[in-house]
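I opened the model to look up a few things and wrote them down as I went. The entries follow in the order of looking.

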Amino acid sequence: MMWNEKMETMSREEMRALQSERLVKTVKRVYENVPAYRAKMDAIGLKPEDIKGIDDLSKLPFTTKADLRDNYPFGLFAVPQDEIVRVHASSGTTGKPTVVGYTEGDIKVWRECVARCMTMAGITKKDIVQVAYGYGLFTGGLGAHYGAEHIGATTVPMSTGNTQKLVTLMKDFGATAIACTPSYLLHIAEVLKEQGDLDKIKLRAAVCGAEPWTEEMRRQIETTLGISAHDIYGLSEVMGPGVACDCSYHKGLHVCEDHFIPEIISPTTLQPLKEGETGELVFTTITKEGLPLIRYRTRDLTSISYEKCECGRTTCRISRFKGRSDDMLIIRGVNVFPSQVEEALLRIDGVSPHYLIVVDRVNNLDTMEIMVEVDEKFFSDEIKGLEALSVKIGRAVQQMIGLNAKIKLVEPRTIERSMGKSVRVIDKRKLV
Amino acid sequence: MQAKQVSVFIENREGRLDEVLAVLKEAGVNILSLSLADTSEYGLLRLIVSDPDKADKALKAGGFSSMLTGVLVVRLANEVGSLQDLLCAVAKEKINLEYMYGLTIEKEGKASLVIKASDLDKAASVLKKTGAELLTDEDIAAL
């Protein structure tokens, strides 16, 4: 079952021709409309007419999260603000979020891509889909929502935070599909099991994303719930969920290549790698109007296969993610940079203490503990003073990253110092 | 009339208190009283010692989070009702007590208490009016 058979099964030659045509237009448009891109191209003496097709892609300069921050909030938009109908935001590496803007056309492309992904998961207009990603600045909720509605499915905007209600409505409505993070779905399965409700649900498909997961987790989800679970990938900078998804053969995630050109580069040499080699995933958007991105470095590590899939699709597939080339953490679907935590701590009294972030997964839910050394500047002689300090730190972190972290006050010099870069994160989750 | 108390932040793990005491022993500081307030993860050790400045310095050098806090050390008669009388005077002035712990019971029928109040100066004057004796660092060192 395919949502857009023409685009999903066209020959490699046709796809490359389409990508070339769209790339040339995109490069011309960003050069003319986005000063930051023009400056970058001018700096290396590159003119829009030097880009004649997809073979010239590697001539273009990269775009990074730092570029989005430097041009905060709307500096990289390629259309006047009155053509932007929506903005979303995700975590920046520091206090400033990464802001993305969509035109009406972008929203249509987005829902088309999500519709393709949901169709890969076997979801049709007959389904009742619970969207249990967060709604709001995060792209997950609204992105999945528009895609599910576009298919014509009965869409239930659950958002996150109330598992009991979700489970109740799943039973009462007879929901047949769900979109949420894989760890949250495991948690939901656990709740259903505890309540003896596993046989009272009609769920049959899930599109899970916003965080990395393993084949083992998929098996666990599929066997516990008796459903088919699919990996949906996306990032807000490029669009949001729906950039890629795996079909029923689960042999990599099909990229919506007519909208996004993927490349794999070496994170060290920045040179393009060959098919099958693992490196950093880079995307160039070729239909986006609001925030076109040229060679955006996702920092996600994976490889690409251009082989035709058993499902009949010819779109290239990216393999399961093997990690990140930066220190970003994904906790409960939220992107977290250790530098954000540092900035939150810095705001408390102007001096950053030694800290350590410990991430774990308990009952399928991510936990985040921040150990903070209590040295003289933080010290209080009273328990209530120390408790107030914990609360204050917790609140500062919550405001910065949008997640509740457990704050653990520890003695000075408890956190190991290393000669070079200090270890700021211990991730105990076993994912790869 | 405040006396210096040494406060130390310690994590709740085995042997940690012992390590604090070892530092004080090494520094030749005598402990006259202590109180340990605890939460599930950490504790606050409060000490009245023979030489608070020396103790604080030694603990900091030993890698502990330590600080000096002003407290009142009150000597009162070791008899029924004396503490209640004292606290009654403090309560009348609406002074909030943060914490309190015992110090020593002396041979001549006196007992001493360590008191931390919201307003130490006011508490000191109230206590003095009741006739209670407040000890200084020198008095404590001589105990």
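**Helix pair in chain A.** I began with helix α5 (residues 104-120) of chain A and helix α6 (residues 139-151) of chain A, which pack at an angle of about 75° with their axes 7 Å apart. By the cut-offs (under 35 degrees roughly parallel, over 145 roughly antiparallel, 65 to 115 roughly perpendicular, the rest oblique), α5(A) is therefore roughly perpendicular to α6(A). The axes are lines fitted to C-alpha atoms, for helices over the stretch in contact, and the angles run from 0 to 180 degrees between N-to-C directions. Helices here are DSSP runs of H or I with at least four residues, strands are runs of E with at least two, and both are numbered from the N terminus.

I then listed who meets whom, with contact meaning C-beta atoms, placed from the backbone, within 7 Å. The α5(A) side includes Ile107(A), Trp110(A), Arg111(A) and Met118(A), and the α6(A) side includes Gly143(A), Tyr146(A), His150(A) and Ile151(A). I sorted the residues of this contact by class and got 10 nonpolar, four polar and two charged. The classes are Ala, Val, Leu, Ile, Met, Phe, Trp, Tyr, Cys and Pro as nonpolar, Asp, Glu, Lys and Arg as charged, and the others, Gly among them, as polar.

**Ground rules.** I noted that this is a predicted model, in which local features need pLDDT of at least 70 and side-chain atom pairs count only at pLDDT 80 or more, while totals for chains, interfaces and linings use all residues. Residues are numbered from 1 along each chain as its sequence is written, and chains are lettered from A and ligands numbered from 1 in the order in which they are written.

**Two loop residues of chain A.** Is Asp82(A) buried or exposed? I found Asp82(A) in the loop between α4 (65-70) and β1 (84-90) of chain A. Asp82(A) is exposed, because 6 other C-beta atoms lie within 10 Å; the scale calls a residue buried at 20 or more such atoms within 10 Å of its own C-beta, exposed at 12 or fewer, and partly exposed in between. From Asp82(A) to Thr103(A) I count 21 residues in sequence and 9.0 Å in space, C-alpha to C-alpha.

Thr63(A) sits in the loop between α3 (35-43) and α4 of chain A. Thr63(A) has 23 C-beta neighbours inside 10 Å, so it counts as buried. Leaving aside residues up to four places away in sequence, Thr63(A) touches Leu293(A), Ile294(A), Arg295(A) and Tyr296(A). I also took the C-alpha separation of Thr63(A) and Glu416(A): 35 Å, for 353 residues along the chain.

**Chain A as a whole.** I count 11 helices and 21 strands in chain A. The radius of gyration of chain A is 22 Å, close to the 22 Å that the globule rule gives for 432 residues, so chain A is as compact as a globular protein of that length. The radius is taken over C-alpha atoms, and the rule is 2.2 Å times the number of residues to the power 0.38. The C-alpha trace of chain A spans about 70 × 60 × 40 Å along its principal axes. Of the 432 residues in chain A, 47% are buried.

The domains are domain 1 (69-326) and domain 2 (334-427) of chain A, with bounds from an automatic or database domain assignment. Their C-alpha centres lie 30 Å apart. Nine residues from domain 1 of chain A and 14 residues from domain 2 of chain A form the contact. On the domain 1 side, helix α8 (residues 182-194) of chain A gives the largest share, four residues.

**Chain B.** Chain B has five helices and seven strands, in the order β-α-β-β-α-β-α-β-β-α-β-α from the N terminus. The C-alpha atoms of chain B fill a box of roughly 40 × 30 × 25 Å along the principal axes. Buried residues are 30% of the 143 in chain B. I noted domain 1 (3-69) and domain 2 (71-142) of chain B, whose C-alpha centres are 22 Å apart.

**Between the chains.** The contact uses 15 residues from chain B and 13 residues from chain A. Which strand gives the most to the chain B side? I find that β1(B) does, with four residues. That side of chain B has seven nonpolar, five polar and three charged residues.

Notes
Two residues are in contact if their C-beta atoms, placed from the backbone, lie within 7 Å.
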